[in-house]
Amino acid sequence: MVCAVASAAENAVRTPPEIGTQTRTLTHQGATRTYRIRIPRGYNAAQPVPLLLVFHGGEGSPQAAEWGLGFNPLADRHGFLVAYPQGTANPAQGFGWNDGRVSPRFPGREKVDDVGFIRELITRVSAEFNV
């Protein structure tokens with residue numbers, strides 16, 4: 001699943017970040033959640049840029065989505081940020097998302113607030129970058 005976020009909000013000019021992909025963490029619901037973020041070549045903190053969210057599939061990972069879907073070269077070419085959030089771990093199933101299923105295959109996943117995590121991720125990225 002891919003989701004684009006764009007904002008015309010006026011942000012202060014910021015110090016240029018390190019270009020490339022970085023792994024970041026944030027705490028949501030008392031759990032440390034991970035995401036990767038791609039800062040494109042030519043990023044200019046004085047100019048607002050779109051943010052593209054790329055969600056890995058079931059049993060996937062942010063790294064697999066990043067390496068397999070090809071958004072980083074597009075981000076570099078067209079000047080947008082890409083965030084690759086990580087779902088929550090299930091020892092039997094790998095990483096996944098609270099997609100509404102209640103099943104023994106996905107124990108406790110329905111209690112995870114992935115929407116809140118994504119909101120927090122957008123807030124965090126928007127505070128650091130001119131989105």
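The model is predicted: local features need pLDDT of at least 70, side-chain atom pairs count only at pLDDT 80 or more, and totals for chains, interfaces and linings use all residues. Residues are numbered from 1 along each chain as its sequence is written, and side-chain values use heavy atoms, with hydrogens and water left out.

**Fold**

The chain holds 3 helices and 7 strands. Helices (H or I, at least four residues) and strands (E, at least two) are DSSP runs, numbered from the N terminus. Their order from the N terminus is β-β-β-β-α-α-β-β-β-α. Take contacts (heavy atoms within 4.5 Å) between residues at least 6 apart in sequence: 66% of them join residues at least 24 apart.

The chain has 131 residues, and 44% count as buried. Buried means under 20% relative accessible area, exposed over 50%, and partly exposed in between, with a 1.4 Å probe and protein chains only.

**Cores**

A nonpolar core is a set of buried Ala, Val, Leu, Ile, Met, Phe, Trp, Tyr and Cys residues joined through side-chain atoms within 4.5 Å. The largest has 19 residues. Within this core, L51, L53, L81, L121, V125 and F129 touch the most other members. Elements giving two or more residues to this core are β3 (31-39), β4 (51-54), β5 (81-85) and α3 (114-128). The biggest share comes from α3, with 4 residues.

L121 touches L26, Y35, L53, A83 and P85, leaving aside residues up to four places away in sequence. A second, separate core has 8 residues, including V54, A65, F71 and F80.

**Exposed loop residues**

| Residue | Loop | Relative accessibility |
|---|---|---|
| Q29 | between β2 (20-28) and β3 | 51% |
| E59 | between β4 and α1 (62-69) | 58% |
| G100 | between β7 (94-96) and α3 | 54% |

Most residues other than glycine have a negative phi. Q29 is not a glycine, yet has a positive phi of about 55°. E59 is not a glycine either, and its phi is positive at about 65°.

What separates G100 and K111 in sequence and in space? They are 11 residues apart in sequence and 9.7 Å apart in space, C-alpha to C-alpha. G100 counts as exposed because its relative accessibility is 54%.
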